[in-house]
Amino acid sequence: MTEELKTVATIDLKGLVCPIPIVKVSQAIKQVKVGEVIEAFATDPGVLGDIPAWCKTSGNELVKMERVDKVFRFVVRRLV
Amino acid sequence: MARGPSASEGSKMTTELATKELEKKYNKLVGTAASNMCAHCGWCMDSCHVYLANHDPEVTPVAKAERIRRVYKKNHDWLSKIFPFWTGAKKLTDEELQKWVELAYRDCTLCERCVVNCPMGVETPQLIAAARSALTSVGKAPEILTQLADMAISREENAEIYRDFFLEQIKEIEKQLQAHLGTTDASIPIDKEGARILYVPLSGAHTILPEAIIFNVARESWTLSMFEASNYGVFLGDTAKAKRIAERIINEAKRLKVKEVVLTECGHAYTTMRWEAPKWFGGPLPFRVRSILEVLDEYVRDGRLKFDPSKNSEPVTYHDSCNLGRKGGLLEEPRRVLRAIAQDFREMTPNRLQSLCCGGGAGLVAIAEWSEARIKAGKPKADQIRQTGAKIVVTSCDNCRHQITELNEHYNLGIKVTSLCELTVQALVLPDGAMASTNSK
């Protein structure tokens with residue numbers, strides 16, 4: 001059912017490396033309301049560990065993480 | 001019914017807590033910097049890139065130090081205890097604490113250029129670091145730095161979950177390694193007990209793939225750390241968190257019985273593990289700690305790698321990271337490597353101990369809300385780079401790399417920013433035929 005989630009913002013993190021993807025996701029999540037969902041696209045495999053760790057420590061929900069060709073897609077819901 | 005603290009009570013509690021933390025940080029170095037040793041001569045002014053970019057007297061090292069010094073004086077200077085109005089000594093207030101946020105986290109990158117130019121040797125960054133600790137203790141540190149520090153701890157606490165992500169990441173990079181070297185023998189060993197080197201990268205592939213290529217070609221006995229080198233606990237002045245983050249790597253190195261821990265091209269990661277960690281853990285660590293710069297330099301001097309410098313024919317300059325150069329003493333190592341791998345290496349002026357900070361250090365590059373001030377503070381570095389006429393800027397610190405990349409975009413420098421390992425790989429002469437790697441998972 002997560003495919004039907006409406007994302008309210010999309011962030012392009014392609015070509016960026018840590019900590020910048022985290023900085024940008026952290027900024028973007030503050031721009032949406034609690035309960036809303038954003039998606040991010042990244043190319044650096046470092047995000048595979050970083051985004052889930054950030055979601056856990058910041059108290060937000062990692063709804064989905066998938067790979068589309070060489071791009072990683074993350075769907076994050078603001079919880080706090 | 002229990003009553004919560006009023007606004008004024010809350011404010012008093014905050015300042016008391018922050019003052020207590022300042023006192024905890026009071027040691028010989030901080031005490032000297034907080035004493036009357038500063039002659040207020042102003043020599044530090046032109047050492048500070050923030051002042052050079054802004055020409056605001058409030059951001060000179062002496063002015064920044066004085067704000068913290070007067071709080072310390074209140075408790076430690078006998079004259080200030082009796083006649084605080086004479087010496088300017090003051091108790092910490094909530095308003096002052098708020099001002100410290102920008103002073104400590106935005107207007108000082110702890111680069112220590114003021115220290116090397118101070119005729120009295122006043123260690124202003126020690127005071128700034130103490131202020132950072134005080135701010136962290138009362139929850140006033142920038143949120144993103146706290147999150148990045150907590151992320152590092154979370155990765156270890158949830159190692160089983162993150163291990164899968166990590167292995168997936170490494171599998172991707174290993175495929176690229178094998179494609180680059182043209183052999184499936186090339187590998188990225190993980191958890192290899194008894195390896196000579198435990199290499200600690202950052203979380204990005206850019207600090208894993210070039211080093212993996214180099215280690216495989218050099219036939220090094222190595223293993224890749226599960227953890228990333230960066231330590232945001234240091235930027236926060238939060239020793240407990242910083243220790244916890246460093247301890248992950250120390251435990252891993254002990255478990256794998258490696259001879260040395262080699263840190264990736266990351267300034268604060270190197271100084272933390274090399275100089276701070278032994279202090280935190282009560283003595284020398286049971287393994288050698290080096291930067292990848294030292295290992296590369298060793299390979300060059302031993303003739304272990306062959307290079308074709310014509311592959312790097314464009315003019316190259318080197319930005320000394322404050323942590324690696326001024327604080328870490330790694331000044332000649334990267335230069336020896338650069339002379340071996342590039343045809344036209346040219347220096348920035350000034351360089352080495354007098355190198356200007358890029359403006360993004362000590363965590364500032366991660367604090368998005370201050371990016372305008374950060375780019376402005378990087379103007380002296382941008383000017384310096386432009387004057388070299390270089391087309392490639394090498395820096396061995398990821399903080400610096402992010403900042404110089406942004407300076408390039410903002411000030412139209414027309415450069416490419418890269419790391420020493422990446423540039424090394426570009427000039428690396430690969431052995432003929434398939435490689436027989438000594439590493440096996």
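Modeller: The radius of gyration is taken over C-alpha atoms, and the globule rule against which it is judged is 2.2 Å times the number of residues to the power 0.38. This is a predicted model. For the 441 residues of chain B, a compact globule would have a radius of gyration near 22 Å; chain B has 23 Å, which agrees. For the 80 residues of chain A the rule gives a value near 12 Å, and the 11 Å of chain A agrees with it.

Biologist: What does the C-alpha trace of chain B span along its principal axes?

Modeller: The trace of chain B spans about 80 × 55 × 35 Å. The C-alpha atoms of chain A fill a box of roughly 30 × 25 × 20 Å, taken along the principal axes.

Biologist: How many helices and strands does chain A have, and in which pattern do they follow along the sequence?

Modeller: Chain A has 2 helices and 4 strands, and its pattern along the sequence is β-α-β-α-β-β. The secondary structure of chain B comes to 22 helices and 8 strands.

Biologist: How is burial read in the two chains?

Modeller: A residue is buried if 20 or more other C-beta atoms lie within 10 Å of its own, and exposed if 12 or fewer do. Buried residues make up 53% of chain B, and 44% of the residues of chain A count as buried. Among contacts with a separation of 6 or more, residues 24 or more positions apart account for 79% in chain B and for 65% in chain A.

Biologist: Is Lys192(B) buried or exposed?

Modeller: Lys192(B) counts as buried, because it has 20 C-beta neighbours inside 10 Å. This lysine is found in the loop between α11 and β1 of chain B. Leaving aside residues up to four places away in sequence, Lys192(B) touches Thr223(B) and Leu256(B). Its C-alpha atom is separated by 41 Å from that of Arg374(B), 182 residues apart along the chain.

Biologist: How should I read the packing of two helices, for instance α1(A) and α2(A)?

Modeller: The crossing is right-handed. In this contact Pro21(A), Ile22(A), Val25(A) and Ser26(A) of α1(A) meet Val47(A), Asp50(A), Ile51(A), Trp54(A) and Ser58(A) of α2(A). By class, these are 6 nonpolar, 2 polar and 1 charged residues.

Biologist: At what angle do α18(B) and α22(B) pack?

Modeller: Helix α18 (residues 333–341) and helix α22 (residues 420–427) of chain B pack at about 25 degrees, with their axes 10 Å apart; they are therefore roughly parallel to each other. Here the crossing is left-handed. The contact is made by Pro334(B), Val337(B) and Ile341(B) on α18(B), and by Leu420(B), Leu423(B), Thr424(B) and Ala427(B) on α22(B). Its residues divide into 6 nonpolar, 1 polar and no charged.

Biologist: What covers the buried residues of α1(A)?

Modeller: The buried residues of this helix are Ile20(A), Pro21(A), Ile22(A), Val23(A), Val25(A) and Ile29(A). Their cover includes β1, β2, α2 and β4 of chain A, together with α10 and α21 of chain B. The contact between the chains takes 22 residues from chain B and 20 residues from chain A. On the side of chain B, α10 and α11 each supply at least two residues. That side has 11 nonpolar, 7 polar and 4 charged residues.

Biologist: Which residues does a cis peptide bond join in chain A?

Modeller: A cis peptide bond joins Cys18(A) and Pro19(A), with omega about 10 degrees; Pro19(A) is found in the loop between β1 and α1 of chain A. In chain B, a cis peptide bond joins Thr349(B) and Pro350(B), with omega about -5 degrees. Pro350(B) has its place in the loop between β6 and α19 of chain B.

Biologist: Where does Ala362(B) lie?

Modeller: Ala362(B) lies in the loop between β6 and α19 of chain B. Although not a glycine, Ala362(B) has a positive phi of about 55 degrees, and with 27 C-beta neighbours inside 10 Å it counts as buried. Asp69(A), in the loop between β3 and β4 of chain A, has a positive phi near 55 degrees. With 5 C-beta neighbours inside 10 Å, Asp69(A) counts as exposed.

Key: Residues are numbered from 1 along each chain as its sequence is written. Chains are lettered from A and ligands numbered from 1 in the order in which they are written. This is a predicted model: local features need pLDDT of at least 70, side-chain atom pairs count only at pLDDT 80 or more; totals for chains, interfaces and linings use all residues. Axes are lines fitted to C-alpha atoms, for helices over the stretch in contact, and angles run from 0 to 180 degrees between N-to-C directions. Angles under 35 degrees count as roughly parallel, over 145 as roughly antiparallel, 65 to 115 as roughly perpendicular and the rest as oblique. A crossing is left-handed if the near helix is turned anticlockwise from the far one by less than a right angle, and right-handed if clockwise. Two residues are in contact if their C-beta atoms, placed from the backbone, lie within 7 Å. Ala, Val, Leu, Ile, Met, Phe, Trp, Tyr, Cys and Pro count as nonpolar, Asp, Glu, Lys and Arg as charged, and the others, Gly among them, as polar.
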